[in-house]
Amino acid sequence: MFDFAFWLLSYVIPFLAVLTVIVFVHEMGHYLVARWNGVAIQTFSVGFGPELIGWDDKHGTRWRISAIPLGGYVRFVGDMNAASVPDNDALANIDPELAPRLFANKNVWQRIAVVAAGPIANVILTFVILYVLLLGYGRYTIPPVIGEVVAASVAEAAGLEAGDTVVSVDGYAVHGFDDFQRFIATAPQRPVSIVIERDGADQTIELTPEAVEVQDRFGNNQRIGRIGVSRNVDQADVSLYRPGPIEAIGMTVEEIRFIVQRTGAFLGDFFVGRGDVEQLGGPVKVAKVSGEVATLGIIALINLTALLSLNIGIFNLLPVPMLDGGHLLYYLVEAVRGRPLSMKVQEIGFRFGFALVLALMVFTLFNDTLFAYLRTLG
């Protein structure tokens, strides 16, 4: 009983708290833009499955908290299911007075706006969290000066020297040595361009970090990039940097751009044979990470919420039917053609998308449990 209670408090509750916030914001994006465009909304649900708590608002929308807290949805009047697949029979027999309010009868640009609003809401949530934390807490930094270059390392071969000041990596400004480490760590076996300052002049150095396996503080294996540089840190080297409100906007946008670019590169690695399937995670892994991060404090958990919100927004924009990106693909084709794709083509796409998403869910769940089991053996 104690083990179950510990597991519940340590992993499940932080995971559900993070997921609920992200899902609510995502679906609220769809809901608000749909409401602004006069779309009739049948249901706003946090979770799937049987309703636990629910109520109707004055617009006729059913707000509900459902039994399976692993997602959520906004269902429009005239939809066949929570994925906004139109119900042709229902649409054919709809009340004529309600017809102009149906999502399916809105013009293509209104539908694009409604669908895109969910992922955009996730990006906005990420921006707000990172911006507020940056303004409120600032950043502890140490000068981005290389202290030592390991002999026979990637850095030595590329020409880096002790005393070099790192200016940027792949166009991302380096504000401290921790930035430099992070930019390199997230680019295993991928070429990077480093701008350094040496003897008062800027130089550009190209290199490819080697991929190494390390363990984080929780014992999880991580595949990171390493080039063979380090520096000693004295207390006098550490400073608290507090950007102004305007500068913080640019820094936050750059951080989001970095996360998006590195996420895309991570996914791209699997198409060129560099990907590590152990790094892919589903609900079990996210729950584990949420629980581990929760032990570091509420600020760390809020930071994780920002990161997951952005990644969920990116994932939803993939051009796969059943996801927001799949709907957007259909609507963009419609905008170009001047007419929608046939219902038969759309139905085939939705079935393919459902199978693909289901396969990905099964794979990540299997991946989570397989590697967790193997770690218990080793």
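**Exercise 1. Determine whether strand β7 is enclosed or open to the surroundings in this predicted model.**

*Solution.* Step 1: locate the strand, which covers residues 192-198. Step 2: apply the cut-off, by which a residue is buried if its relative accessible area is under 20%. Step 3: count the residues that meet this cut-off; five of the seven residues of β7 are buried. Step 4: conclude that β7 is largely enclosed by the rest of the structure, because five of its seven residues are buried.

**Exercise 2. Describe how β7 pairs with β5 and with β8.**

*Solution.* Step 1: consider β5, which comprises residues 165-169 and is joined to β7 by four bridges in an antiparallel arrangement. Within this pairing, Thr165 lies opposite Glu197 of β7. Step 2: turn to β8, with which β7 forms seven bridges, again in the antiparallel sense. Step 3: assign residue partners between β7 and β8. Val192 has Leu207 of β8 as its bridge partner, and Ser193 stands opposite Glu206 in β8.

**Exercise 3. Classify Asn122 as buried or exposed, and list its contacts beyond four places in sequence.**

*Solution.* Step 2: compare its accessibility with the cut-off. Asn122 has 0% relative accessibility and therefore counts as buried. Step 3: set aside the neighbours within four places in sequence. Asn122 then contacts Ile22, Val25 and His26, together with Ser309, Leu310, Ile312 and Gly313.

**Exercise 4. Identify the residues of the nonpolar surface patch and the strand that gives the most to it.**

*Solution.* Step 1: name the members. Leu52, Ile53, Trp55 and Ile65 make a nonpolar surface patch of about 410 Å². Step 2: assign the main contributor; strand β1, residues 41-56, gives the most, with three residues. Step 3: classify one member in that strand. Trp55 is located in β1, and its 43% relative accessibility is why Trp55 counts as partly exposed. The cut-offs behind this class are 20% and 50%, with partly exposed residues in between.

Technical notes
Residues are numbered from 1 along each chain as its sequence is written. This is a predicted model: local features need pLDDT of at least 70, side-chain atom pairs count only at pLDDT 80 or more; totals for chains, interfaces and linings use all residues. Side-chain values use heavy atoms; hydrogens and water are left out. Two strands pair if DSSP finds at least two bridges between them. Helices (H or I, at least four residues) and strands (E, at least two) are DSSP runs, numbered from the N terminus. Patches are made of residues with over 30% relative accessible area and no salt bridge: like charges are joined within 9 Å, nonpolar side chains (Val, Leu, Ile, Met, Phe, Trp, Tyr) within 5 Å. Accessible areas come from the Shrake-Rupley method with a 1.4 Å probe; for residues, only the protein chains shown count as cover. A salt bridge is a side-chain nitrogen of Lys or Arg within 4 Å of a carboxyl oxygen of Asp or Glu. Buried means under 20% relative accessible area, exposed over 50%, partly exposed in between (1.4 Å probe, protein chains only). Contact means heavy atoms within 4.5 Å.
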